[in-house]
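This briefing covers strand pairing, aromatic pairs, salt bridges and surface features. Please read it alongside the sequence and the model.

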Amino acid sequence: SSLVQLEGRGAVHTSTVWCLGINPGGVRFLSGSEDGSMAIWKMYTATERKRLFPREHVVSSTDGLWNCVGRLPDAHAGYAVLSVDCAPSRAGHGRIASGGGDNCIQIYREETGGSGAGSSSDAPKFAIEAMAINAHDGDVNCVKWYPRDGTSLVSCGDDGAVRIWKYSQAG
């Protein structure tokens, strides 16, 4: 058994990183920080790495590269982002749940389509789709999607409560 650190690019947070979430397809992950930001990371394959980042040191020909491709600098109105979770595909592509020091739960959706203003895998853009203000009496420490169908979330907070939430997509 072994555990080897892989290479990643970009120190994008200016303070403690509290949480990570990996999307169901495994090509993106999110990080949330005390500085109030969320960052979106993408895994580039070894082939993409050679083409897009030719000056990066490559340990072996099979090494890919994790790179920060987007940032939500004020995800929870300047409060710490304490939890992030990527929705199962049934909840819709690109949805993120987050909980923070502002006592809120937020659901972000990736913007797609439009006239050039949409999202791309190399430059994702997100908008708040739903929000639970004062979801807990204190920080929202963890939020997780129900993995089967993405219609429910569960959260916990400083108030000692575990809460279950019903989610439905904007129609």
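A residue is called buried under 20% relative accessible area, exposed over 50% and partly exposed in between, with a 1.4 Å probe and protein chains only. By this rule Arg 95 is buried, because its relative accessible area is 10%. The model is predicted: local features need pLDDT of at least 70, side-chain atom pairs count only at pLDDT 80 or more, and totals for chains, interfaces and linings use all residues. Residues are numbered from 1 along each chain as its sequence is written, and side-chain values use heavy atoms, with hydrogens and water left out.

- Strands (E, at least two residues) and helices (H or I, at least four) are DSSP runs numbered from the N terminus, and two strands pair if DSSP finds at least two bridges between them.
- E3 and E4 run antiparallel and are joined by five bridges; Arg 28 has Lys 42 in E4 as its bridge partner.
- The two strands E3 and E4 form a hairpin with four residues between them, and Gly 36 in the turn has a positive phi of about 90°.
- On to strand E5 (residues 65-72), E4 makes seven bridges in an antiparallel arrangement, with Leu 65 in E5 as the bridge partner of Tyr 44.
- Six of the seven residues of E4 are buried, so E4 is largely enclosed by the rest of the structure.

**Sheet E10-E11-E12**

- Three strands make an open, antiparallel sheet in the order E10-E11-E12, in which E10 and E12 are the edge strands, each pairing on one side only.
- Strand E11 (residues 152-157) is joined to E12 by five bridges, and Ser 152 stands opposite Lys 166 in E12.

**Aromatic pairs**

- Rings of Phe, Tyr and Trp (its six-membered ring) pair if their centres lie within 6.5 Å; planes under 30 degrees apart count as stacked, over 60 as edge-to-face and the rest as tilted.
- The structure holds two such aromatic pairs.
- Phe 29 and Trp 41 are stacked, because their ring centres are 5.4 Å apart and their planes lie at 5°.
- Phe 29 lies in strand E3 (residues 28-33) and Trp 41 in strand E4 (residues 38-44), so this pair ties together parts 12 residues apart in sequence; both residues are buried.
- Trp 145 and Tyr 167 form an edge-to-face pair, because their ring centres are 5.2 Å apart and their planes lie at 85°.
- Trp 145 is in strand E10 (residues 140-145) and Tyr 167 in the segment after strand E12 (162-166), so the pair ties together parts 22 residues apart in sequence.
- Trp 145 is buried at a relative accessible area of 6%, and Tyr 167 is buried at 6%.

**Salt bridges**

- A salt bridge is a side-chain nitrogen of Lys or Arg within 4 Å of a carboxyl oxygen of Asp or Glu; the whole structure has five.
- Glu 110 pairs with Arg 28, the closest N and O atoms being 2.8 Å apart.
- Glu 110 lies in strand E8 (residues 105-110) and Arg 28 in strand E3, so the bridge ties together parts 82 residues apart in sequence.
- Glu 110 is buried at 7% relative accessibility, and Arg 28 is buried at 12%.
- Glu 129 forms salt bridges with Arg 95, at 2.7 Å between the closest N and O atoms, and with Arg 109, at 3.8 Å.
- Arg 109 is partly exposed, with a relative accessible area of 30%.
- Shared partners join Arg 95, Arg 109 and Glu 129 into one network.
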